[in-house]
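These are my notebook entries on one structure. I set down what I looked up, entry by entry.

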Amino acid sequence: MPLDLILEQLLNGVQFSLMLFLLAAGLTLIFGVMDLINLAHGSLYMIGAYLTATFAPHVGFFPAVVLAILGTMLIGGLLEVTIIRRLYARTHLTQVLSTFALMLIANEVVRMIWGAQPIALSAPESLSQPVQLPGFKYSAYRLFIIAAGLGVGAGLYYLVNKTRVGMWLRAGASNREMTRAMGVKIGPLYTLIFALGAGLCALAGALLGPLLSVQVGMGENILILAFVVVVIGGIGSIKGAFIGSLLVGILDTAGRAFLPTWLTALFNPQLAGSFGPALASIAIYVLMAAVLFFKPRGLFPARGTG
Amino acid sequence: MKRLLPFLLLALGLALPFILTAMGQEYYISFASRVLVVALAASALNLILGYGGLVSFGHAAYFGAGAYTAALLAGKGAGLPAQLLVGTGVAALLAFVFGWAALRTRGVYFIMITLALAQMLYYLAVSSDSLGGEDGLRISRAALWGDLTLGDDRAMYYTALTALTLGLFVIWRVVHSRFGEVVQAARDNETRTAALGYPVRRYQLVNFVIGGALAGLAGVLMTQISGFTNPSLLSWQQSGQFMMMVILGGVGTFWAGLLGTAVLLGLEEYLGEVTERWPLFVGLILLGVMLFAPKGLGSLGTLFGRKKKEVVE
Amino acid sequence: MAGIQSQSALVAENLCKNFGALAATQNVNLRVEGKGVHALIGPNGAGKTTLVNLLSGALPPSSGRVLLSGQDVSRVDMPGRVARGLSRTYQITSIYPEWTVWRNLALSVQGRSGTSMRFWQPVTGERALYRQAAEIAEEVGLTSRLNAPASDLSHGERKQLDVALALASNPKFLLMDEPMAGLGHEESVRMVDLIRRIAGIRAVLLIEHDMDAVFSLANEVSVLVYGQIIASGTPEAIKNDPEVQRAYLGDDHAA
Amino acid sequence: MHNFMKLAALTVLLSASALAQNAVKVGFVSTLSGPGSGLGVDARDGFNLALKHLGNKLGGLPVEISFSDDKQDADTARQAVDKAIKRDKVDFLTGIIFSNLLLAVGDTVFDSKTPYISLNAGPSQYAGSGCNAYFYNVAWQNDNLHEAMGKYVNSRKFSDVYILAPNYPAGKDALTGFKRFFKGKITAEVYTKVNQLDFAAEIAQIRAARPKAVYTFQPGGSGINFIKQYAEAGLLKEIPLFLPGFSADADVIKAVGPNMVGIFNTSQWAMELSNPTNAKFVADFKATYGRNPSLYAAQGYDAALLMSEAVKDVKGNLSDGAALRKALENTSFISTHGAFKFNKNHYPVQDIYLRQVAKVGGSIQNRLVGKVFSNHEDAYAKDRKMK
């Protein structure tokens with residue numbers, strides 16, 4: 001197998017992983033610190049993409065991304081203050097269904113505002129031409145996404161490990177009582193975390209919008225993947241979310257790219273053609289089941305006991 | 001009155017096709033069949049979720065497993081009894097395997113792993129040729145006797161009514177048996193139940209399998225209503241809808257499945273007539289119920305009264 | 001004496017439990033047997049509840065063994081140990097608050113009378129369960145409250161119910177985690193009475209802060225400090241042990 | 001309760017009016033929400049435009065039309081169809097976009113003996129041995145546009161062609177259709193996930209395989225993304241991409257933008273086909289909806305014209321089913337792509353054109369290049385066993 005193909009697929013996998021990480025990071029924090037299962041997380045991702053697509057024709061792509069992040073953080077903050085905070089003390093079941101309801105509502109509201117058809121969002125002109133890498137050309141825009149993802153990852157690492165807010169976050173994720181004991185005002189902290197998660201979602205939505213599609217319900221499939229990442233990584237752990245994203249992203253890409261070829265080498269093409277896609281699409285769920293089987297709390301559980 | 005309720009409902013169920021016919025609303029007979037079958041699956045989830053306290057987010061897997069098994073069998077020319085038997089059996093087996101894996105975990109991890117396992121099945125169905133891929137499998141309706149098939153609305157309706165009645169009877173017996181007592185005890189206080197000497201997981205697994213089997217039975221009948229089966233039966237949105245029904249109906253109360261299904265499907269049917277934006281209203285109603293009447297439309301829910309607890313040893 | 005009774009004893013051997021860097025239980029050796037009360041005392045945070053959890057099977061040990069009537073049960077889960085005659089009560093009462101007292105007890109009785117993998121017969125039809133449940137209620141003094149929902153009980157009554165639930169499995173060994181916590185004077189007296197009656201026919205490991213109760217009930221006392229047993233002996237010997245006085249009773253007396 | 005009464009009253013009214021045979025009742029079940037909704041909305045708008053041009057009448061009779069959304073879900077579609085037949089007692093059914101949904105409702109429709117006018121889905125199952133007296137397709141048989149592109153790519157004498165489609169029956173039919181007329185070497189035949197949106201992995205494989213051309217069928221949003229990403233990876237300039245018309249129509253062009261320019265695709269319809277029906281359709285569609293029409297819109301428009309002609313032919317007497325079917329079968333009207341004629345299996349016999357995306361004036365749109373097939377019949381018609 002040619003090396004440049006492997007390299008290109010690896011880049012694809014990493015690019016997908018990093019976007020998944022943006023979603024999973026917010027999800028795992030909200031999960032870990034507030035103990036909230038948030039199915040509406042994917043809706044914030046959708047809103048981020050729609051806002052970017054709305055602003056981009058007027059102010060250009062990059063300013064639009066910034067505006068979309070701010071806008072989505074604002075929406076996320078408002079959502080937290082009005083509805084989400086009523087759910088923290090409720091059962092997970094209530095949370096699942098309430099946020100499921102929010103998801104239905106968000107889909108319809110977006111459809112009312114922007115219509116039922118996908119809307120256009122293109123990569124910025126400056127990144128629309130491919131870049132020559134050793135051995136092959138690669139989409140400049142995907143390279144930009146990788147860089148942005150790594151940058152945000154590093155920023156999050158700094159935020160969580162080196163700042164006071166980060167200390168509260170870690171404390172909250174490992175022991176909820178401790179945050180209270182440290183005298184942190186829980187309300188604003190939670191609003192902040194939720195808004196931060198919304199901002200990360202919006203960034204992912206904005207960056208993936210040009211690659212995927214800005215359409216109603218766009219956040220639902222990727223949300224499930226983000227949940228898989230969070231569970232594999234261990235709830236509440238940013239590091240876990242990062243490693244989990246890489247595992248899931250690269251496995252998914254490799255499965256799609258190489259599995260059919262391998263199967264063709266092993267079996268006849270007919271069989272490979274029908275089993276390849278099936279195996280590739282369930283690979284990550286098999287991974288998750290395997291991880292949970294051996295480590296029922298994920299790879300890097302943030303909370304020791306209980 | 002409370003003792004009479006099941007019989008009144010059954011009488012109403014038996015009479016419904018005649019009432020609808022008299023009103024000139026025959027179309028709603030097949031709608032009613034759908035409500036009955038989905039209610040059976042929702043009631044099965046209520047056994048797991050309401051009585052067992054296990055938040056299974058992958059109930060569609062067992063429903064779909066029953067449906068796909070029946071469709072595959074129908075394709076091979078098997079009759080209704082074989083479809084019902086094998087479909088239920090396969091769903092039970094699947095529930096055993098998935099339940100065994102999932103019950104190693106607790107809380108959110110349980111929710112997520114049940115979801116992931118069901119997703120696995122969904123993608124398997126979508127991408128497997130022998131399961132018809134995205135298109136699913138089409139069947140011809142099973143024969144009952146003579147020329148009568150389940151393609152006949154009334155025949156289908158009474159078959160569904162029979163299945164739901166039997167299913168609810170089974171659930172009633174199970175819930176009130178020694179076994180049901182332990183399952184509910186494990187829901188209310190898992191640690192204490194283990195400390196009383198009950199191997200909790202074993203009971204939860206058996207309960208999970210019973211719920212899965214009944215969902216499978218409902219799945220078999222669903223293929224007969226639709227005339228086909230497709231991956232959306234296995235989707236996580238379908239699982240979410242089952243949960244919605246149980247919650248709206250009042251989780252852990254006996255009639256939750258039937259009430260929730262009737263309300264939700266009725267709402268969909270009604271709102272669908274009035275507005276294209278019906279999911280918005282379903283979402284608002286669900287959110288309202290969750291925030292302000294979390295015990296569901298029935299009023300005797302038990303899961304919500306308590307705060308969630310994390311056992312700190 | 002120990003040698004003769006070894007076939008019927010609850011024994012901890014070099015039991016250790018670590019939570020990360022924290023050693024909650026260090027090399028604990030303990031032996032509970034025969035009849036009567038063996039009290040385990042120690043200041044807050046000494047690791048008493050952890051020890052109960054290790055003995056009852058709620059937690060797996062990091063190292064060391066738990067023996068029950070001569071059998072190594074270190075890898076046996078909680079239900080398995082109950083089946084071998086070990087039962088426990090909880091510091092924070094652990095009952096079924098939405099059920100009536102009667103139903104609480106019937107559930108517990110059900111556990112020791114035949115399999116519960118019965119799916120069809122309504123449990124309310126089993127007269128024997130309810131009769132035995134009523135007998136246990138009588139034993140702990142809850143007869144008048146049989147039909148009340150457990151959530152309606154007073155704190156003391158809940159403690160009694162908690163004990164009754166453990167008793168219903170007819171254990172040879174009973175681990176009691178602070179049964180007197182939060183009880184008023186009168187309730188305490190009743191509980192002491194109850195424990196004395198229970199200990200008349202079985203071995204009780206009693207964890208308790210109420211020193212009057214401990215010294216009036218126990219025929220042996222062990223002292224746990226920072227996860228280690230620092231002394232073990234008759235109540236008199238413990239009272240007079242200088243190390244115990246310094247580490248534990250001293251503070252108590254000062255307060 | 002009050003609302004329920006209103007609903008009941010409404011349904012009673014509807015069923016009462018069903019008795020009076022002075023109106024044509026049409027059930028229009030289509031994908032009006034979700035990722036595939038663009039197609040259904042275009043078809044509906046085209047259909048509505050035709051009704052407007054016909055003065056809200058079909059063959060002189062007033063129209064009662066009920067729209068419902070199938071959400072691209074087979075069971076929802078079946079329920080909607082069931083309702084249209086049993087409750088609304090419609091005279092015609094139409095609207096379904098996706099073949100898998102059509103196959104799911106087929107038996108229900110045919111059992112009820114209601115004529116179904118398909119404005120898009122044309123599965124092979126209803127074209128050959130399984131074709132049905134109550135089924136009429138006004139658009140194409142599914143394979144047709146792919147066959148045309150196969151023929152065109154073949155005529156360009158490409159030696160290695162990489163073909164890919166989603167892993168579902170219509171995807172497999174598409175590649176089968178392409179291969180029926182393409183005789184050169186297939187580098188690889190790849191099946192992607194249904195509704196897949198990120199094709200980075202596949203594009204890398206294509207680059208590594210170094211084919212001379214790529215042909216893909218990706219419906220809806222998948223198609224938009226494939227083209228976008230193919231361009232951004234720098235492949236569009238190196239390895240030409242060929243598409244069927246539905247992957248390169250107004251909706252896709254609008255979403256992808258300038259990168260589309262130059263792409264060849266095949267269609268039975270094009271904006272600049274010159275006939276009076278099409279001229280009026282294109283001009284009024286733009287004026288009414290503010291966007292370029294797609295082939296789905298044209299097909300919706302044609303479906304209404306077909307119904308209108310048939311009703312006119314039976315002089316409004318819809319109770320004679322056999323006569324109505326005969327009228328449909330032998331129809332001759334001027335569709336958006338000229339004189340319309342059914343084959344014996346109720347699929348059209350028609351010309352198929354080659355189009356190329358180009359800048360026309362200020363906007364990017366398809367330009368008619370030439371004709372690939374004249375009076376093309378589908379491959380299944382010879383197996384026809386009309387039921």
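What percentage of the 306 residues in chain A is buried? I find that buried residues make up 60% of them, where buried means under 20% relative accessible area, exposed over 50% and partly exposed in between, with a 1.4 Å probe and protein chains only.

**Basis of the entries**

I note that this is a predicted model, in which local features need pLDDT of at least 70 and side-chain atom pairs count only at pLDDT 80 or more, while totals for chains, interfaces and linings use all residues. Residues are numbered from 1 along each chain as its sequence is written, chains are lettered from A and ligands numbered from 1 in the order in which they are written, and side-chain values use heavy atoms, with hydrogens and water left out.

**Chain A**

I looked up the secondary structure and found 11 helices and 2 strands in chain A. These are DSSP runs numbered from the N terminus, helices being H or I of at least four residues and strands E of at least two. Read from the N terminus, the order is α-α-α-α-β-β-α-α-α-α-α-α-α. The radius of gyration of chain A is 20 Å, close to the 19 Å that the globule rule gives for 306 residues, so chain A is as compact as a globular protein of that length. The radius is taken over C-alpha atoms, and the rule is 2.2 Å times the number of residues to the power 0.38. Along the principal axes, I read a C-alpha span of about 60 × 50 × 35 Å for chain A.

I then turned to contacts, meaning heavy atoms within 4.5 Å. Among those in chain A between residues at least 6 apart in sequence, 78% join residues at least 24 apart. Chain A exposes about 11100 Å², and carbon and sulfur atoms supply 71% of that area; the method is Shrake-Rupley with a 1.4 Å probe, and for residues only the protein chains shown count as cover. I recorded 17 positive and 9 negative side chains in chain A, with the centres of the two sets 13 Å apart. Lys and Arg count as positive and Asp and Glu as negative, without His and the chain ends; each charge is placed at NZ of Lys, CZ of Arg, CG of Asp or CD of Glu.

**D35(A)**

I located D35(A) in the loop between α1 (3-34) and α2 (41-59) of chain A. Its phi is positive, about 55°, although D35(A) is not a glycine. Most residues other than glycine have a negative phi. D35(A) counts as buried because its relative accessibility is 5%.

**Chain B**

I found 12 helices and 4 strands in chain B. Its radius of gyration is 19 Å, close to the 20 Å that the globule rule gives for 313 residues, so chain B is as compact as a globular protein of that length. The C-alpha atoms of chain B fill a box of roughly 65 × 45 × 40 Å along the principal axes. Of the 313 residues, 65% count as buried. The accessible surface of chain B comes to about 10900 Å², 69% of it from carbon and sulfur atoms. Chain B carries 21 positive and 16 negative side chains, and the centres of the two sets lie 14 Å apart.

**Between chains**

Which chains share the most contacts? Of the 5 pairs of chains in contact, I find that chains A and B do. Chains C and D do not touch, and their nearest C-alpha atoms are 35 Å apart.

Chain A and chain D bury about 2700 Å² between them, 48% of it on carbon and sulfur atoms; buried area is the accessible area (1.4 Å probe) that two parts lose on being put together, summed over both. In chain A, Q117(A), L212(A) and R256(A) lose the most area to chain D, together 20% of what that side buries. The contact takes 34 residues from chain A and 31 residues from chain D.

**Residues of chain D**

I placed D82(D) in helix α3 (residues 74-86). At 5% relative accessibility, D82(D) counts as buried. Neighbours within four places in sequence aside, D82(D) is in contact with Y27(B), S30(B), R87(D) and T108(D).

D173(D) lies in helix α6 (residues 169-181) and counts as buried at 17% relative accessibility. Not counting residues up to four places away in sequence, D173(D) touches S124(D) and D143(D). D173(D) and S124(D) are 49 residues apart in sequence and 8.1 Å apart, C-alpha to C-alpha.

Is K157(D) buried or exposed? K157(D) counts as exposed, because its relative accessibility is 70%. K157(D) sits in the loop between α5 (144-155) and β7 (160-166), with a positive phi near 60° in a residue other than glycine.
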